[in-house]
Amino acid sequence: MRTATLLRSGPAVWAALVLIPVLVWFSAQNTESTVAYWPSISSQTTIVIGFISAACGAGAAWEAARLKQGAIPALAPARGMLSIAALHLGPIAVLGLIAIVAPFAVVMSSVTVPSGFPNPAILTVSYSVILFHIALGWFVGARMPKLLGAATMLLFGYLWGFWPAAIGTLPWLRHLNGQGVTECCGLDQEPSVRSMAATVMFSLAVVTAIVLNSALPKRPWRPLLPLAAFTAVTPAALTLAVPLDFNGTQTRDVALRTCSGQNPQICLWPEQNTQRDEITR
């Protein structure tokens, strides 16, 4: 299928026309706690993951329902469901990647941009959540009418993206939906490796289960292997997430500081070196 036809018939382009402006506006309203430190800048962009994952999940559900309605898998049986899914979900996955990057322009405009690059671990965590919703949308959409499937994923994506952070009795849920590091970081902190690992493991557990379900032949035992994969990985993610409670940060290595003077001795983080004279004074 030609790329132009794929983009014109799919939901990615139309969703981008709504999603990107919403992300820019929402990000502009939530920059107060950002400091000129790449982990802080990167963490602030995760606040919009709920919007991105909801839109991408809904788009995937719409595509799955549309293809099922058009009997595409039956018309092209030699291609297999995974090949069909990769082709039609590719533009949605690209939309998710663009949507992750877009808020950086807004957040970076509110602070003095430090040297270096965005935190790749946080970007990986965010994208794993988006892939989780795309896979789940594909699974749900194939079993529901187009409008109902898309609406279900919109609602689920929004609730899963924002609701766990509001639950005080289950604070560890935020470490499964990508919001665990949203409030990171001061200069003496860095994103919690446990929190990020828990998010990635849980997201990949869902993606793996759905990929297996699509790839395996239709047999009575087909649901067992995806369920076993999900059941095997999820407890490991919970083991990482539950002890963290609300905390999504860890202490930064103090060896990164540069110290000078004796009385007083002044120790500065790399991001503070440009202000050394003012701080010393």
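**Figure 1. The largest nonpolar core of the predicted model.** This core holds 25 residues, and Ile52, Leu89, Ile92, Ile134 and Trp138 touch the most other members. The elements giving two or more residues to the core are α2 (12-28), α4 (49-69), α6 (80-108) and α7 (120-141). Helix α6 supplies the largest share, eight residues. Leu89 is in contact with Ala60, Ile134 and Trp138, leaving aside its neighbours within four places in sequence. Another core, of 19 residues, lies apart from this one; Met153, Ile167, Val206 and Ala241 are among its members.

**Figure 2. Packing of α6 against α7.** The axes of α6 and α7 are 10 Å apart, and the two helices pack at an angle of about 140 degrees. That angle makes α6 oblique to α7. Their crossing is right-handed. On the α6 side, the residues that meet α7 are Met81, Ile84, Ala85, Leu89, Ile92, Ala93, Val94, Gly96, Leu97, Ile100 and Phe104. On the α7 side, they are Leu123, Ser126, Tyr127, Ile130, Ile134 and Trp138. Sorted by class, the contact of α6 with α7 comprises 15 nonpolar, two polar and no charged residues.

Figure 3. With neighbours within four places in sequence left aside, Ser126 is in contact with Thr46, Ile49 and Ile100. Both Ser126 of α7 and Ile100 of α6 are listed among the residues through which these two helices meet.

**Figure 4. Packing of α9 against α10.** Helix α9 spans residues 193-215 and helix α10 spans residues 224-241. They pack at an angle of about 175 degrees, with their axes 8 Å apart. Angles over 145 degrees count as roughly antiparallel, and α9 and α10 are therefore roughly antiparallel to each other. From α9, the contact involves Arg194, Ala197, Ala198, Met201, Phe202, Ala205, Val206, Thr208, Ala209, Leu212 and Asn213. From α10, it involves Leu225, Pro226, Ala229, Phe230, Val233, Thr234, Ala236, Ala237, Thr239, Leu240 and Ala241. By class, the contact of α9 with α10 has 17 nonpolar, four polar and one charged residues.

**Figure 5. Two cis peptide bonds, Cys184 to Cys185 and Asn263 to Pro264.** Most residues other than glycine have a negative phi, and most peptide bonds are trans. The bond joining Cys184 and Cys185 is cis, with omega about 10 degrees. Cys185 sits in the loop between α8 (146-162) and β1 (189-191). The bond from Asn263 to Pro264 is also cis, and its omega is near 5 degrees. Pro264 is found in the loop between β3 (258-260) and β4 (266-268).

**Figure 6. Backbone and exposure of Asp245.** Asp245 is not a glycine, yet its phi is positive, about 55 degrees. Asp245 is placed in the loop between α10 and β2 (249-251). With a relative accessible area of 41%, Asp245 is partly exposed.

Methods
Residues numbered from 1 in each chain as written. Predicted model: local features only at pLDDT ≥ 70, side-chain atom pairs only at ≥ 80, totals over all residues. Heavy atoms only, no water. Core = buried A, V, L, I, M, F, W, Y, C linked by side-chain atoms within 4.5 Å. Buried < 20%, exposed > 50% of the residue type's maximum accessible area, 1.4 Å probe, protein only. Helix = DSSP H or I, 4+ residues; strand = E, 2+ residues; numbered from the N terminus. Contact = heavy atoms within 4.5 Å. Axes fitted to C-alpha atoms, helices over the stretch in contact; angles between N-to-C directions. Parallel < 35°, antiparallel > 145°, perpendicular 65-115°, else oblique. Left-handed = near helix turned anticlockwise from the far one by under 90°. Nonpolar A, V, L, I, M, F, W, Y, C, P; charged D, E, K, R; others polar.
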